[in-house]
Amino acid sequence: MNQIAGGTGCGFRVSNKQDPCTVGIDLCAKFIPLRKFSESTQRSDSPSWKNPSDIPKNVLVGFVDAEGQGDRDTTYDARIACPVLLAAQSVIFNWKDSLQKDRMLNLLGVMCRAAKSVQVGEGDYEQGMKQQPPFGHLHIVFRDWNFDGDVSEVTAQLLDLEQSSSEDAARRNEVRKVLAMAFQSIQIWLLPPPADRCSDLAKVLNTNMLSAQFIGQVDSLRESLVDQLSTDRLWGGKHKITGPSLAKLMPLVTEALNQNAVVLPRSAYDSMVHEEATALRVETEADLSTRLEQVLSEALSVAIPEKCDGDAFSRADFFEAQLKDNLAALCDGVTTSFEYSLTGITDDATLLKTQLELLFQAKKKDLEAAYEKFYRVSWWPLQQQGVREALDHIQTEVSNALPLPNAKLTYLFDGGVQVLVDRITTNAKKVDGLTDLEIENSLQNLRDSSLLRFNQLSAMNDEAEVVRREDQQAVTENACAALEQRMAAEASALLPAPLSRARGKTLFGAVKGRLTTALRDASLSTSEERVEAMIGELHGRFQAQFEVLAKEAAKAGAVALTSFMKEELLVLEQKFADVLYPKTQCDESILTDLTVELQELRDDVAQRVTRQAGEWQLESSTLADHLSRVDHTVAELRSILQDKLEETQDESEKIRLAVEEADRVAQIEAMRLAQ
C-alpha cells in the first residue's frame, strides 16, 4: 500500500513478523489528489495511460488498512470490513503465497459475509446485488509470485466455477458467485518478489531496494486504480460519496452492524438527510427570524431622507426591496444556502421550502403593517428627493453631451422628465392615504423645475454649437495648411519637374482620411453633411495649391530649359566652328552638303531639348518657343556658311581668271618670240 501511494507512502507500519501490524481499521491521515497520485505512474506509452486533463482535479485518494483476516471469527471480520467495503471504490486483497484456492476463498468469504449484510435493491440480498453491486472493484494481489501460471490461468482456477458435485466445490462456487455479484469487477495481479536478492526479503524494504519488475507491476496496478478512482463512488448505487457524507453515514452503518441488522444503504442515507435537514431547518428558522427583525428595524430607522446623501431613488428602492421582497429575497437567500449545504447529500429540499413558507406566513402581517408606515413616513419623501436628484443628473448628462441638434436635445431631456412623471404617478399608488392634491403638487413642482432647466440647457447648447463649429473649422484649417505645406515641400524638392497629380491625390487622400476621422470623433461629433462640406473645402484648397505649384514648376522649368538650350547651342556653335566652317575653305565643299550636316546638328540639339522638356512636363508652347530659338540660331549659321562659300567661290574665280590671263599673255609672248 505504501508503494502504491507513491512518494513517502501512506505511513502504514510494515513487518515481516507473523503477528499483524493493524488491529481493526487503520485510516491514513494522508489524502493525495488523484492527479498527483497518477503522476508517479502515468506513462504516455502505457495502454491505460490517461490524459491528465481527463482525471478529475477535485478528487482526493484516501488509504485504509484493515486487520488481517482469520485471526478472529468471520462475523468479526465481516463487521470490520463492511463499512470500508461500502465506502471504497477499489479494494485490494493481499495474498503472499502460492495459489491456494480453498484457503483464499475461505478468507474471501468474509467479503461475501459482509455482502450478505447489505441490501441495496428489492428482494433478498442476491436479487439486490444483481440490480446493483454493493461494493467497488476488487483487486486480488499475489505477493512474491514465483510460481508457474499466468494471470489468466490463476484467474480461471480461483474464480471460475468448478464442474464438480462435491460439497467443498459447492461451497467454493457459492463464494465465487457472491463475489462476482458483490463487486463491480475482480482482477488478479501477480507481483514478483519486491527485491532481487533473497536476503533482502527478510528486511523492512525501502524504495531503493525494490526491483524494477516489482515497481513496474505496482505501477500497472496503480494505473488501474487511477482509472477506477476517476469515476464517482455511489452510495447504494445512487448518491455520490463525499467526505462529509461518509462522516455521517458510517455511524448509521456501524450501528446496524452492531445490532446484527441488515445494512440498508439507501435507508441509512435517507435517515442521514432527514436528520441533517432537521438540524439545518432549526438553525435556519432562528437565523431567518433575526434577519427579518433587522430588515424591519432598518426600514423604519435608517430609510429617511435626512440620512441619505445622494441617489435617493436607489436608497428607496433598496429599502423597499428589503420589505416588499422579504419573502423572495430572504427565502431565496436562505434556501440557496440551505440547498448548497445539502448538495453532497441530496437534491431534494422540499421539506425545507415548506417549513420556510410557514415561517414567512407567520411574519407576514407584522411586515405589512411596518411596510405601510415605511411608505408614508420614509419611502415617499425619498421619492421626492430622488426626483430632484434625477433632474440634476439629467441636466448634467445632457449638458455633457452638448452641443446637440435641437430636436435631439428636446428628445433626451423630455424623455428623462417623462420617466420621472411616470415614476411619481406609479409610486403614488403604493402610498395609502396620499391625496390627489399631494400628487398633483408633486407633478407641478416637477414641471416648473424642468422648464427652467430646459431653458438653461437651450442657451448652453447654442453657445456650445458655436464653439464646436469653430473647433471643426480650426481642425479643417490645420488639415489644409498641413496639406499645402507637404505639397509645397515635395514640389520644391522636385523642381524643375512638377509635382505629379497622382502624388498630389495621394497626399490629399491621406489628409482627407485624418480629417474625416478627426471630424467624426466624439469630441467634435460633426454631422455627415458638415463633414462633406469640410472635405469639399479641403479639396478646393488642394486644387488651388496644385495650380500654384504647377505654375511655379512651369516657370522654373522654362528657365531651366532656357539654360539647358543655351548650353546646347554653345556646343552646336562650337561644332560649327570646329567642323563645318573650315570645310568652306575647300573648293569641293558645296552648300548643300554643309547644310545637311548643320541640320543633323540642329536635330540632335532639338531632340535633347525636347526630351528634357518632356521630363519636366513643360507645355508644348514653351517647347516650341525654345525650338524656334534653336532654328533661328541654325539659320544664322547657315547664312554664315552661305556667305563664306560665296566669298570662297569669288576668290577662286578671280584666281582662275588671273591664271587664264597669265596663260594668254604667255601664249602671246611665245608667238612673238617665234616670229
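Visitor: Which residues line the second largest cavity?

Guide: The lining consists of Val571, Leu572, Lys575, Leu601, Asp604, Val605 and Arg608. This is a predicted model, in which local features need pLDDT of at least 70 and side-chain atom pairs count only at pLDDT 80 or more, while totals for chains, interfaces and linings use all residues. Residues are numbered from 1 along each chain as its sequence is written, and side-chain values use heavy atoms, with hydrogens and water left out.

Visitor: What makes a space a cavity, and what makes a residue part of a lining?

Guide: On a 1 Å grid over the protein atoms alone, a cavity is a set of points where a 1.4 Å probe fits but cannot get out; a pocket is an open set with protein on both sides within 12 Å along at least five of seven lines; and lining residues have an atom within 4 Å of a point. Grid points are joined across faces, edges and corners, and the volume is the space filled by probe spheres set on the points.

Visitor: What is the volume of the second largest pocket, and which residues are closest to its centre?

Guide: The volume is about 220 Å³. Of the 15 residues that line this pocket, Leu404, Pro405, Glu465, Arg468 and Ser525 are the closest to its centre. Helix H14 (406-428) and helix H15 (436-494) each supply at least two lining residues, and H15 gives the most, with 6. By class, the lining of this pocket has 3 nonpolar, 6 polar and 6 charged residues.

Visitor: Why is Thr633 called buried?

Guide: Buried means under 20% relative accessible area, exposed over 50%, and partly exposed in between (1.4 Å probe, protein chains only). Thr633 has a relative accessible area of 10%, and is therefore buried. Thr633 is placed in helix H19 (residues 620-674). Leaving aside residues up to four places away in sequence, Thr633 touches Leu569 and Glu573, where contact means heavy atoms within 4.5 Å.

Visitor: Asp144 and Gln617 lie in loops; why is each called buried or exposed?

Guide: Asp144 has a relative accessible area of 17%, so Asp144 is buried. Gln617 has 52%, so Gln617 is exposed. Asp144 is in the loop between E6 and helix H6 (151-159), and Gln617 is in the loop between H18 and H19. Although Asp144 is not a glycine, its phi is positive, about 55°; Gln617, also a residue other than glycine, has a positive phi near 55°.

Visitor: What makes strand E6 mostly covered?

Guide: In E6 (residues 137-142), 6 of its 6 residues are buried. His137, His139 and Val141 point one way, and Leu138, Ile140 and Phe142 the other way.

Visitor: How do you know that E6 pairs with strand E5 and strand E7?

Guide: Two strands pair if DSSP finds at least two bridges between them. E5 (residues 90-95) and E6 have 6 bridges in the parallel sense, and E6 and E7 (residues 185-190) also pair in the parallel sense over 6 bridges. The bridge partner of Val91 in E6 is Leu138, while Val141 stands opposite Trp189 in E7.

Visitor: Where are cis peptide bonds found?

Guide: One joins Leu402 and Pro403, with omega about 0°; another runs from Leu495 to Pro496, with omega near 5°. Pro403 is in the loop between helix H13 (350-401) and H14, and Pro496 is in the loop between H15 and helix H16 (501-520).

Key. Helix = DSSP H or I, 4+ residues; strand = E, 2+ residues; numbered from the N terminus. Nonpolar A, V, L, I, M, F, W, Y, C, P; charged D, E, K, R; others polar.
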